[in-house]
Amino acid sequence: MMTTQEMRTEVIGFKRLKDGYWDYPDFKETYTLLTNGDGPLIDDFLLEDGYLFKAHKLCIPNTSLREFLVWELHAGGLAGHFGQSKTIAALENRFYWPTLKHDVGKLIKRCHTCQLAKQRKQNTGLYTPLPVPNCPWQDVSMDFVLGLPKTLRKHDYVCVVVDRFSKMAHFLPCSKTFDASWVAKLYFDEIVRLHVLPMTIVSDRDVKFTSYFWKTLWHKMGTKLQFSTAFHPQTDGQTEVVNISLGNLLRTLVGENLRD
Ligand SMILES: [Zn+2]
């Protein structure tokens, strides 16, 4: 893996691309022909201001710049560690080199964050099948991501609510001191306000927590009626998948400074 210093040098290295075309066999022949004026276009290769383009995509010679670009579009900034095909698509949008697909696969295999995410996804057990949702925000899953560094507002965990129908997710910042009624209040303010009351909730929490949560939620609706809801004391993997994305997103945003 490259160091930040090396990456910085490589960004400036875009200017050095022009030399790279001469030095590496991938583009040498085409580049020479085009520079000699053998035609404005050879096999949809085009020369512009000394840079080589193939079908309007910038050609990248075989230098460490290739690895830098793959890494940048897979894990840099807000890239969020998307899988192989998405990373390839993002690169192919702008760049071209013959081994692009192969290089992406190689790098993702080496990506530590993706490895961890993969291990967690394989945590499957014997679950009873969950009802198949047929309308948004009626069947949700609720999970808690613990052990995060405390923010300035004293939040140190995230309640992740995923609509099992649309896969849309809400992230509610919580604090360890929040009990079931607090979480219910939060759920009411943030989710019910925008959507509807859920019919089923899948959660990794115990029965005591969930029944208290449910009572508080209904109390907030201003009714004494208590329709029963199905609480599944398990997880369907839905929130876990979102949690991995959340983890990746937070990690890429926060970087070195955990106080951010
Ligand atoms: Zn990754």
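Mentor: Let's start with the outward-looking part: on the other side of α3, P25 and E29 are exposed, where exposed means over 50% relative accessible area, buried under 20% and partly exposed in between, using a 1.4 Å probe and protein chains only. Before going on, keep in mind that this is a predicted model, in which local features need pLDDT of at least 70, side-chain atom pairs count only at pLDDT 80 or more, and totals for chains, interfaces and linings use all residues. Residues are numbered from 1 along each chain as its sequence is written, and side-chain values use heavy atoms, with hydrogens and water left out.

Back to α3, which covers residues 25-35; helices here are DSSP runs of H or I with at least four residues, strands are runs of E with at least two, and both are numbered from the N terminus. Its buried residues are F27, T30, Y31 and L34. They cover an arc of only 105 degrees around the axis, so they sit on the same side of α3; that arc is taken from the directions from the helix axis to the C-beta atoms.

Just after α3, G37 has a positive phi of about 80 degrees. Most residues other than glycine have a negative phi, so the next two deserve a look. D49 isn't a glycine, yet its phi is positive, about 55 degrees. D49 lies in the loop between β2 (45-48) and β3 (51-54), and counts as exposed because its relative accessibility is 65%. A55 isn't a glycine either, and has a positive phi of about 45 degrees. You'll find A55 in the loop between β3 and β4 (57-59), partly exposed with a relative accessible area of 36%.

Now for the packing. Helix α4 (residues 64-75) and helix α5 (residues 84-92) pack at about 120 degrees, with their axes 9 Å apart; axes are lines fitted to C-alpha atoms, for helices over the stretch in contact, and angles run from 0 to 180 degrees between N-to-C directions. That makes α4 oblique to α5, since under 35 degrees counts as roughly parallel, over 145 as roughly antiparallel, 65 to 115 as roughly perpendicular and the rest as oblique. Who meets whom? L69, V70, L73 and H74 in α4 meet T87, A90 and L91 in α5, with contact meaning heavy atoms within 4.5 Å.
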